[in-house]
Amino acid sequence: MTNRDGILRVGIKYCGGCNPEYDRVALVARIRGALKGKVEFVSAQSEGVDLILAVQGCATACADLSPFKDMDIKLITKVGDVERFIQEVNAMRLLKRDPHSHCAVIFK
Amino acid sequence: MLASYGIESSKVSKKEKGSLHMTMMTADQYEESLRELNLVVYMFGERLNNVVDNTIIRPSLQAVAKTYELAHLPEYEDIMNATSHITGHRINRFTHIHQSIEDLVKKSKMGRLLGRHTGCCFQRCVGMDSLNALSIVTFDIDTKYGTDYNKRFLKYLEYVQENDLTCDGAMTDPKGNRRLPPHKQSDPDLFLHVVAEKEDGIVVRGAKAHQTGAVNSHEIIVMPTISMREEDKDYAISFSLPSDADGIVYIMGRQSCDTRKLEAGTMDQGNLLYGGHEALVVFDNVFVPWDRVFMCKEFEFAGELVEKFASYHRQSYACKVGVGDVLIGASQTIAEYNGAEKASHVKDKIIEMNHLNETLYCGCIACASEGKKEPSGTYSVNTLLANVHKQNVTRFPYELSRLAQDIAGGLMVTMPSEKDFRSPETGKWLEKYYQTHPDVPTKDRMHILRLIENLTLGTAAVGYLTESMHGAGSPQAQRIMISRNVNMEEKKRAAKKLCGIDDKS
């Protein structure tokens, strides 16, 4: 799931951005900064992706996620979702290092 | 595949060398591909020897280039890309044939996206709408007559998709005396028609008016402009040609304030980067090989092609929602610069602008969401709702513009030029008397006013206002279609049932 250095590979899938309620690219830059060294961000179509971060510009969330239907997908539809996503990724990394960690409980 | 089209075009010959052959061009590749064209273009009474770098035309090129640029950015690809139903390749949505309701909805969203990015007409929707209409009508002609138009069309479509071409969809004839059908006009060329049939193709003569983005296009797709009867069968013609085919001449239209683009500076143009253009396109005895002919004298299908194209193109006025986003943003900005943003009437006007703009959005999303599958497999929009949407577009941008001018104030049309702001003699006075708040640079206030001017009575008003009125058919054309498509008997039945009228008695 993670690469040899324990770094998660997160594939970014944007919606088309027709009328977004926030700056999607700036938000992803913020996430990249917060998870620097912990996560490798790649395009959603890349090989060996651990999870998909679907960056939806509004709650309509119309990005086509059908190519990723068998994968773990985390949705962001507003700026307020960022901290939750960062926490989830950090917990996921802990889980990978210690499979018995209770952090797994947050993945409902 | 490319060689099969057999028409002299420097663009095609370069592509045959493989230099530009790819499924999706970048913006730079698009610009370079236009440099390979040998268009015959006239403007201000002179032939242009360099269209691409012409200061007046170039903003329109840059608006089309945006359709190529965004297609390569991950944050827009979900809208800007599609999968070809012919090749399975990833293609620019502007070359796509709609395969689902989702495709139709994404088309509307793409219009808003690009309208907001450019603040003007980006010109490429007309080709997409022509391709989709022809995908339906060529199939229907073949079903009736056993012809092979659809096969020809699909081969042509693959050529367009694989080379990511911009197509000008050319429908509007000059039309001459509106009381008379094509064959009774005093000059037979007032509607484009076939003048000769040969073993290897046809020769056509006539013109197409108001052609948006014509000289930014690699291809021109011609369609008839009205329903026709048997007497007009020579006018029931549809075909495609490279835009630089022998005998095609472009005469550029003027736009309000167009020569401001020739001035130095960055203020008075309003929109620094983007614009639109229109041209009269003359076909002076132009040869069309048979494999590019998609309708030839099947007059009873002329009306269907017009109707299908018009419905798609009326949906395409989703773009005005994106331009409306820009105008609303500009109006709010000038209200804040003026210190008037908290005045209740200003807030209410901004609310009204948003109401009008989002009502337009409702229409273009609704006609897409209520679309249907045609026998050819192509999805078409709901005709009634597309016409209702376009009818709103003939009105709402005018009201949005009125409100924007109300909020902006009279300075929008009385402010001096950028040169006066830069002049040591006058600049100090303009800075002194046109400031509103120390935190608002006076030049920023002037820039946003010039943008509102550009959108509501400058070069962009061509697209935002008059094109909204007449593009894809004038208002009366939509009212006729609304009248034809409403189910009046069902409405009457519903009313009568509620009040106890029994038609059977």
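This is a predicted model: local features need pLDDT of at least 70, side-chain atom pairs count only at pLDDT 80 or more; totals for chains, interfaces and linings use all residues.

**Helix and sheet in chain A**

Mentor: Helix 1 of chain A lies across strand 1, strand 2 and strand 3 of chain A, at about 140° to strand 3 of chain A. Angles run from 0 to 180 degrees between N-to-C directions, with axes fitted to C-alpha atoms, for helices over the stretch in contact. Helices (H or I, at least four residues) and strands (E, at least two) are DSSP runs, numbered from the N terminus.

Trainee: What is the strand order in the open sheet of chain A?

Mentor: The order is 2-1-3-4, with parallel pairing. Two strands pair if DSSP finds at least two bridges between them. Strand 2 (39-43) and strand 4 (73-76) of chain A are the edges, each pairing on one side only.

Trainee: How many bridges join strand 3 to strand 4 of chain A?

Mentor: Four. A:A54 has A:L75 as its bridge partner in strand 4 of chain A.

Trainee: Switching to chain B. Why is strand 7 of chain B largely enclosed?

Mentor: Six of its eight residues (201-208) are buried, so strand 7 of chain B is largely enclosed by the rest of the structure. Buried means 20 or more other C-beta atoms within 10 Å of the residue's own, with C-beta atoms placed from the backbone.

Trainee: Which strands does strand 7 of chain B pair with?

Mentor: Strand 6 (193-197) of chain B is joined to strand 7 by four bridges, antiparallel. Three residues sit between them in a hairpin. Strand 11 (279-289) of chain B also pairs with strand 7 in the antiparallel sense, over seven bridges.

Trainee: Last topic. How many residues does each chain give to the contact?

Mentor: Chain A gives 12 residues and chain B gives 10. Residues are in contact if their C-beta atoms, placed from the backbone, lie within 7 Å. Strand 1 (8-14) and helix 1 (24-34) of chain A each supply at least two residues of chain A's side.

Conventions:
Residues are numbered from 1 along each chain as its sequence is written. Chains are lettered from A and ligands numbered from 1 in the order in which they are written. A residue is buried if 20 or more other C-beta atoms lie within 10 Å of its own, exposed if 12 or fewer, and partly exposed in between; C-beta atoms are placed from the backbone. Two residues are in contact if their C-beta atoms, placed from the backbone, lie within 7 Å.
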